[in-house]
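Welcome! Here is a short tour of a protein structure for someone meeting it today. Please have a look at the sequence and the model, and then read on.

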Amino acid sequence: MTNKNHAWFERACRVLPGGVNSPVRAFGAVGGEPPFVVSGAGPYMYDVDENRYIDLMGSWGPQILGHAHPDIERRLERTLKLGTSFGACNPLEVELAELVCKFVPSVEMVRMTSSGTEATMAAIRLARAATGRALIVKFEGCFHGHSDPLLQSAGSGVATFNLPDALGIPGAISALTKQVPFNDPEAVRELFAEHGEEIAAVILEPVAANMGVVPPNEGFLEALRSVCDEHGALLIFDEVLTGFRVDLGGYQAVSGVTPDLTCMGKVIGGGLPVGAFGGRRELMQQIAPAGGVYHAGTLSGNPLAMAAGIGTLETLAANNGAAYTHLNRLADKLDAHLAKTFAEAGIPARVQRARSLLTVYFTEPDKPVTNFAEAKATDTAFFARYFQAMLAEGVYLPPSNFEAWFLSTAHDDEVLHQICVAHDRALERLS
Ligand SMILES: *Cc1c(COP(=O)(O)O)cnc(C)c1O
């Protein structure tokens, strides 16, 4: 192995805080220096030292079709030749919006943003304006991007680095966000009993997938729907991660529970910077310039990003959603192999799933992890060792236990077999 990587990391650390542009990339929770990636092809990524990795991080979600998908490349090349940004209306933003409204029935109108953070931030502003109320309810361990009101007990990088919630966020702002444990409808009811008249919205990831993967318990989403209805609050599903990942219709299609507003991101941009929020026409018409709630963006609806999004959604929808059957089947196989081999090796491990989303918690296999406190109580130090062993065997997992693993349609049975072989070797390294 050559060692260009170390030189890049040193250069990066001189000009980028922590050497990165987003904290979890820094390998803080797993140790070692992060590989600098120069290219990707299908299920693989290649670093500056020409190491090849099977990618199970998928750019944290967007790369559901794998890297450098030929159809997405073609669309991007075609769009690129016509110019990169106009700041004027363009047909592609209409086409992507139409696709979103078609696939996600609760979304009658949509507004594009450039990130998931902006989507949740604007959705909350809309909820506050529509209800005339100030309080937001969020769940411990759910991650909704890095806007001030939502950066409390947040999952993802905040959990990974165990960072304080409040740095740089005035108490007056934090006080408007009430936090409750995931999968605890009773705690939500108590909060509403006390503050029901003041709560604008309940926001959650319908499957919490930024603290590992924690699916909602039976009846949890239904309970939230009914408590919101009773008190006139809006229910916001942050489907930035689950949207177009678990199903074309998001987790709302899987669960049958319909939110008032939906936030999207990741897959919808096909690897380019996109987010979106949408919902019922009557709510969305309150967004400027149709209504008075302000949201704007120089690059919102950017033609390149829209082209990648359209290509991704159309590919996912092709052949009656065959992509999802493929992803779910691969996840079933991986889940079964991991569970079996960890058990045989005498390593307490539990695979948690929501469709093709998957994570491994190092804890008793028969004890479900249902909330953030339980996720944090698992053996994340062992995860770090397992992560390094997998990386040494050429599999790039998300470098934190509080993240989901992402398969892509470019992963096939052969690649899955390679992952299983790497895993078996990793277990030998660990024994
Ligand atoms: C990634 C993520 C976000 C933030 O999206 P960005 O595009 O990184 O700003 C918000 N919510 C959820 C559920 C996410 O997984």
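How far apart do the C-alpha centres of domain 1 and domain 2 lie? They lie 25 Å apart.

## Before we start

This is a predicted model, in which local features need pLDDT of at least 70 and side-chain atom pairs count only at pLDDT 80 or more, while totals for chains, interfaces and linings use all residues. Residues are numbered from 1 along each chain as its sequence is written, and side-chain values use heavy atoms, with hydrogens and water left out.

## Two domains

Domain 1 takes in residues 4-68 + 320-430, and domain 2 takes in residues 70-314; these bounds come from an automatic or database domain assignment. Between the two, 34 residues of domain 1 are in contact with 36 residues of domain 2, where contact means heavy atoms within 4.5 Å.

The area buried between domain 1 and domain 2 is about 2,800 Å², and carbon and sulfur atoms give 64% of it. Buried area here is the accessible area (1.4 Å probe) that two parts lose on being put together, summed over both. On the side of domain 1, Y324, R355 and F372 lose the most area to domain 2, together 22% of what that side buries.

## What joins them

The count between domain 1 and domain 2 is 1 salt bridge, a term for a side-chain nitrogen of Lys or Arg within 4 Å of a carboxyl oxygen of Asp or Glu. R355 also forms a salt bridge with D247, and the closest N and O atoms are 3.8 Å apart.

Across the interface of domain 1 and domain 2 there are 7 residue pairs in polar contact, both residues at pLDDT 80 or more. A polar contact is a pair of N or O atoms within 3.5 Å; within protein, one must be able to donate a hydrogen and the other to accept it, and residues adjacent in sequence count only if both atoms are side-chain atoms. β11 (350-354), β12 (357-361) and α12 (372-376) each supply at least two residues of the side of domain 1 that touches domain 2. β12 gives the most to that side, with 4 residues. Helices (H or I, at least four residues) and strands (E, at least two) are DSSP runs, numbered from the N terminus.

## Helix α13

The buried residues of α13 are F382, F383, A384, Y386, F387, A389, M390 and L391. Buried means under 20% relative accessible area, exposed over 50%, and partly exposed in between (1.4 Å probe, protein chains only). What covers these buried residues includes β3 (52-55), α11 (303-344), β13 (395-396) and α14 (413-430). After α13 comes G394, whose phi is positive, near 90°.

H411 is found in the loop between β13 and α14, and counts as buried because its relative accessibility is 2%. The side chain of H411 reaches the backbone oxygen of D55 at 2.8 Å and makes a polar contact with the side chain of S408 (2.8 Å).

E73 lies in helix α2 (residues 70-80) and is partly exposed at 38%. G168, in the loop between α5 (157-160) and α6 (171-174), is exposed at 70%.
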